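Biologist: I'd like to learn how to read helices and sheets in a model. Could you walk me through one?

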Amino acid sequence: MKKLIIAIVVLCTISFANAQDIAGRWQGFLNAGGTNIRLVFNVNKNADNTYTTTFDSPDQNAFGIKCNSTSVVKDSLTAAVNVAHIIYKGLWDGKDGITGIFKQNNISFTLNLKRNDLIRPQTPKPPFGYYTEDVEYDNTAKTLHYGATFTRPNGSGKYPAVIIITGSGTQDRDGTLFGHKVYWVLADYLTKNGIAVLRVDDRGAGKSTIGPDGTNVTSESFSYDVETSLNYLESRADVDKKHLGLVGHSEGGIIAPMVAARRKDVSFIVLWGAPAIGGAKINTQQAGQALRQRGVDSASAKAYMDLNDQVLPLFKTSANKTELEKNAQPVIGNWLKTQSKSTLDGLSLANDTANRQALVGVYANLYTTPWLRFFFTYDPATDLSKVKCPVLAINGAKDVQVDAESNLTAIKAILTKSGNKDFKVEELPHLNHLLQDANTGDVSEYEQIQETMSPEALNIISTWIKLHTK
């Protein structure tokens, strides 16, 4: 979801030599304490010949972290993150290699990067065959500035339009992930099928500013960003204001109903991998999946999931961090007492007292992140039950980030109970969270798949939207 929780977050300012040739994907391995951590720098060339860079740490499921700046001094590059006391100095060979040293807190590591561009046949290439325009606009209070790309069919008519609402993490307008341009591929397909699309940089990505709230934002905050984009669309003469929709991916799938519940000018929404069962249950499912992937036995993983289900509801009833710690202490203590030795050994929780404090500390730290606190306590049914416009909910059956069966079942139940007369729920076999054809659905597989988005899924979304914009 929107803010990533990882062991190491490395933001970067990178300077490159001969920058006109440096755009692409660079990968290296940082050996820290005997563990190889894969780092990826995605260098993009802008229309004004400047460069921007995002950073991925795939082994920690952290993607699209924006680098502060990208510049070049002859054939040397320097990466520095002052707040984390990080300096990276390297030398580019003018081809496919960068040799360098990564230094943090006076401890140095060798970090060499190799060009690792990936084959992505669906990434749109000019000529596009439709009108495209990079646009910028502000919110009403002039406290936030947004960068976006608007595409529509060629011609002088008014076109139905959608806004793509991004998923977790700070993402650029294209949804750049492992070399995939997920939202650009969708926008390209929809535009070629007669639908205008606005895809927008998240706060702090691309041309969008981070705003005065900084990191003290939640999914609800992002919903007002979408409203600003909706207002922008309605200001355009080439947009059919009677047919405006939202396509929300992952976290965007709970943001879209927030907006549609408030705005009657939203005429339809598409929920793509939406976490409708709520963030607490989603987190528990993901925690169990992560533990099993790391070799923890099923019984131990299930036991930890049970603990998570007991503690996360306390985020809603605790007024502050101190109160959460107080409320979590007995819950965690009782849980530890009821677990078998084999379960605790499986979770590396041998010492009751020390681990009680450690577990309390983990949850207390999570509580201090506003986005997470909101995500764990918000009930998606609150707004989805108010949505009366048509809804398409689509998931891949191999989605390991947002379980298809439980979330689609929840969406169907909510919309049925609330009396929505026009909705469709579709689970697509063999597809993952990005709607790629997948073998396992695991996040680690995204990079290996050349397909960015299944043609079947693209067609289903496009056909449904066209049906509802006649």
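Modeller: Let's take a helix pair, then a sheet. This is a predicted model, where local features need pLDDT of at least 70, side-chain atom pairs count only at pLDDT 80 or more, and totals for chains, interfaces and linings use all residues. Residues are numbered from 1 along each chain as its sequence is written, and side-chain values use heavy atoms, leaving out hydrogens and water.

Biologist: At what angle do the axes of α2 and α3 cross?

Modeller: Helices (H or I, at least four residues) and strands (E, at least two) are DSSP runs, numbered from the N terminus. Axes are lines fitted to C-alpha atoms, for helices over the stretch in contact, with angles from 0 to 180 degrees between N-to-C directions. Here α2 (residues 219-234) and α3 (residues 252-262) cross at roughly 60 degrees, their axes coming within 9 Å.

Biologist: Which residues in α2 and α3 meet?

Modeller: Contact means heavy atoms within 4.5 Å. Among them, Phe222 and Leu230 in α2 and Ile254 and Met258 in α3 take part.

Biologist: In what order do the eight strands of the open sheet come?

Modeller: Two strands pair if DSSP finds at least two bridges between them. The order is β12-β13-β17-β14-β18-β19-β20-β21, with mixed pairing. β12 (131-138) and β21 (423-428) are at the edges with a single partner strand each, so one side of each lacks a neighbour in the sheet. From one strand to the next, the twist averages 20 degrees.

Biologist: How many bridges join β20 to β21?

Modeller: Six, and these two strands run parallel. Ala393, for instance, has Val425 in β21 as its bridge partner. Helix α12 (residues 404-418) packs on the sheet too, touching β19 (268-272), β20 and β21.
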